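Okay, everyone, thanks for coming. Let me put my structure up on the screen, and then we'll walk through it together.

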Amino acid sequence: MSALKEQVLAGKTAFVAGASSGINLGVAQAFARAGARVVLISRSAEKIAAAAKTISDEGHEALGLAADVRDYAAVEAALGQAAERFGKLDIVLSGAAGNFVAPALGMSANGFKTVVDIDLIGTFNVLRASFQHLNRPGASLISITAGQAVRPSLYQAHVCAAKAGINMLTKCLAMEWGPAGVRVNAISPGPIADTEGMRRLAPTDQAEAAIKARIALRDYGTKTDIAEMAIFLSTDSAKYITGTILNVDGGSELGDAGGNAIPEGF
Ligand code: NAP
Ligand code: COA
């Protein structure tokens with residue numbers, strides 16, 4: 001049964017970074033529908049207030065705060081405000097990211113640094129600063145990584161490097177914080193429909209069709225697919241799971257499954 005239909009997160013507090021849109025907003029909304037109080041952050045005060053309102057309009061408790069994940073003091077302040085409002089945090093999801101398509105030679109040092117700063121350093125900042133506010137033992141930390149972490153991709157050197165760093169950070173923090181009863185995992189989404197990420201990576205119908213034709217399950221995933229797994233990782237069903245990179249990607253990481261994968265007659 002869908003985790004979204006049950007109050008599996010009742011009484012819990014979740015903090016979601018990069019939550020003004022897309023996948024992370026979908027996760028924040030799903031956390032709230034599953035019973036959690038939710039704190040959302042992003043750079044834009046206006047966008048994050050609107051995102052929090054989509055949740056409070058459904059009758060759930062939500063607080064939207066402006067904070068840039070590259071700014072450790074701002075992240076610390078937002079986490080402090082979250083804990084002051086709702087108490088200790090049970091779930092922290094770090095998903096803020098930036099992406100653009102550019103060859104390494106078409107990217108300035110600052111362009112490369114910008115994406116590493118948002119994705120990798122930002123994730124360290126969010127997870128590191130959250131530790132003192134966590135409900136321990138039992139807290140669930142989740143980062144949003146991507147297939148680029150393990151699959152080199154043309155014109156994605158910045159994202160590949162940053163997301164590979166997130167995968168390793170996930171495993172290192174899982175080792176260090178496991179003894180405190182804090183689980184640290186990551187979700188690696190495949191191409192997800194109706195997101196800024198895919199608008200940037202596959203802006204035309206043709207590009208979208210070409211991607212789908214190479215995925216084992218032959219389709220994009222949905223925000224709900226990611227939200228369901230974030231909820232799963234935050235319940236007792238996942239109490240023995242830490243240091244894991246959970247692919248929710250239709251088989252994308254397996255490689256190119258294009259063409260007539262199943263021979264004629266079968
Ligand atoms: P999105 O809608 O653009 O989400 C990115 C979020 O990060 C926005 O809410 C943005 O809000 C926030 N953000 C950006 N820079 C920030 C900063 N410095 N500090 C705080 N917040 C910041 O993109 P999405 O496609 O849904 O992607 C969400 C996550 O999924 C990302 O981690 C991405 O790498 C991952 N992912 C996506 C796909 C996909 O198919 N879309 C596939 C694999 C992985 P503001 O602009 O308001 O700051
Ligand atoms: N090609 C090459 N370089 C680019 C670029 C592109 N398409 N877009 C931005 N850059 C470079 C800029 O030129 C700048 O480098 P410079 O100072 O040497 O000129 C650097 O990246 C930073 O750009 P800036 O616009 O100042 O950064 P920002 O912090 O305001 O925004 C981005 C960050 C660039 C990642 C922006 O695209 C963003 O806000 N993205 C969030 C949404 C998103 O990417 N969603 C998908 C998530 S998967």
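Which residues point one way from β1, and which point the other way? T13, F15 and A17 go one way, while A14 and V16 go the other way, and all of them are buried. Before I go on, please keep in mind that this is a predicted model.

Let's stay with β1 for a bit. The strand covers residues 13-17, and five of its five residues are buried, so the rest of the structure largely encloses it.

Look at F15: its bridge partner in β2 is V39. Another is β4, residues 91-94, which runs parallel to β1 and is joined to it by four bridges. Here F15 turns up again, standing opposite V92 in β4. And if you follow the chain from β1 through helix α1, residues 22-33, to β2, you've traced a right-handed β-α-β unit.

Now for the ligand. Which residues come nearest to ligand 2? There are 15 residues around ligand 2, and the nearest are R43, N99, S108, N110 and R200. A polar side-chain atom of R43 sits 2.9 Å from an oxygen atom of the ligand. For R70, an N or O atom in the side chain is also 2.9 Å from a ligand oxygen. With S108, that kind of distance is 2.5 Å. Taken alone, ligand 2 exposes 940 Å², and the protein buries 55% of that.

Where does the shell come from? Helix α4 gives the largest share, four residues, and both α4 and α6 (196-201) supply at least two each. By type, the shell divides into four nonpolar, seven polar and four charged residues.

R136 and P137 are joined by a cis peptide bond, with omega about -5°. P137 lies in the loop between α4 (109-130) and β5 (140-144).

Then there's Y155, which has a positive phi of about 65° even though it isn't a glycine. You'll find Y155 in the loop between β5 and α5 (157-177), and its relative accessibility is 44%, so it counts as partly exposed. R218 isn't a glycine either, and has a positive phi of about 60°. R218 is in the loop between α7 (205-214) and α8 (223-233), and at 34% relative accessibility it counts as partly exposed.

Terms used:
Residues are numbered from 1 along each chain as its sequence is written. Chains are lettered from A and ligands numbered from 1 in the order in which they are written. This is a predicted model: local features need pLDDT of at least 70, side-chain atom pairs count only at pLDDT 80 or more; totals for chains, interfaces and linings use all residues. Side-chain values use heavy atoms; hydrogens and water are left out. Buried means under 20% relative accessible area, exposed over 50%, partly exposed in between (1.4 Å probe, protein chains only). Two strands pair if DSSP finds at least two bridges between them. A crossover is right-handed if, with the strands pointing away from the viewer, the path from the first strand over the helix to the second runs clockwise. A residue is near a molecule or strand if one of its heavy atoms lies within 4 Å of it. A polar contact is a pair of N or O atoms within 3.5 Å; within protein, one must be able to donate a hydrogen and the other to accept it, and residues adjacent in sequence count only if both atoms are side-chain atoms. Accessible areas come from the Shrake-Rupley method with a 1.4 Å probe; for residues, only the protein chains shown count as cover. Ala, Val, Leu, Ile, Met, Phe, Trp, Tyr, Cys and Pro count as nonpolar, Asp, Glu, Lys and Arg as charged, and the others, Gly among them, as polar.
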